[in-house]
Amino acid sequence: MNLEELRQKINQLDDNLVVLLEQRMNLVSQVADYKQATGKAVLDSKREEVILGRVSDRVENPVYKDTILATFKDILKNSRAYQEQKKA
């Protein structure tokens with residue numbers, strides 16, 4: 001496979017990731033509404049630990065584990081930022 005073919009495959013995966021991330025953010029928005037209505041804090045450290053543990057367990061290739069965990073930490077950070085922004 002040449003570089004252009006590899007990049008096309010990455011582009012296809014990126015397209016799928018955008019759809020999944022948007023679906024995730026739709027749910028995050030609902031979570032933000034629930035938290036605001038019930039007076040719950042945006043940050044739930046225990047929930048984030050569970051998410052990261054679950055992600056870590058699902059990574060098959062250990063070489064990628066740190067990178068994938070870092071990516072999910074960024075997703076969680078940005079989800080919190082969105083919830084805070086929505087709250088304001």
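Tutor: Let's start with the word pocket: on a 1 Å grid over the protein atoms alone, it's an open set of points with protein on both sides within 12 Å along at least five of seven lines, while a cavity is a set of points where a 1.4 Å probe fits but cannot get out, and lining residues have an atom within 4 Å of a point. Points are joined across faces, edges and corners, and a volume is the space filled by probe spheres set on them. What you see is a predicted model, where local features need pLDDT of at least 70 and side-chain atom pairs count only at pLDDT 80 or more, but totals for chains, interfaces and linings use all residues. Residues are numbered from 1 along each chain as its sequence is written, and side-chain values use heavy atoms, with hydrogens and water left out.

Now to the second largest pocket, at about 240 Å³. Around it you'll find L17, L20, L21, R24, T67, I68, T71, F72 and I75. Helices α1 and α3 each give two or more residues to this lining (a helix is a DSSP run of H or I, at least four residues, numbered from the N terminus). Helix α3 gives the most, 5 residues. Sorted by class, the lining has 6 nonpolar, 2 polar and 1 charged residues; here Ala, Val, Leu, Ile, Met, Phe, Trp, Tyr, Cys and Pro count as nonpolar, Asp, Glu, Lys and Arg as charged, and the others, Gly among them, as polar.

Next comes the largest pocket, with a volume of about 440 Å³. It has 17 lining residues, and R24, V28, R47, I51 and L76 lie nearest its centre. Here α1, α2 (45-58) and α3 each supply two or more residues. The lining is made up of 8 nonpolar, 2 polar and 7 charged residues. Look out for R24, then: it's in the lining of the second largest pocket and among those nearest the centre of the largest pocket.

To find it, look for A32, K35, Q36, K40, V42, Q83, K86 and K87, which line it. Two or more of these residues come from each of α1 and α3 (65-87). By class, its lining splits into 2 nonpolar, 2 polar and 4 charged residues.
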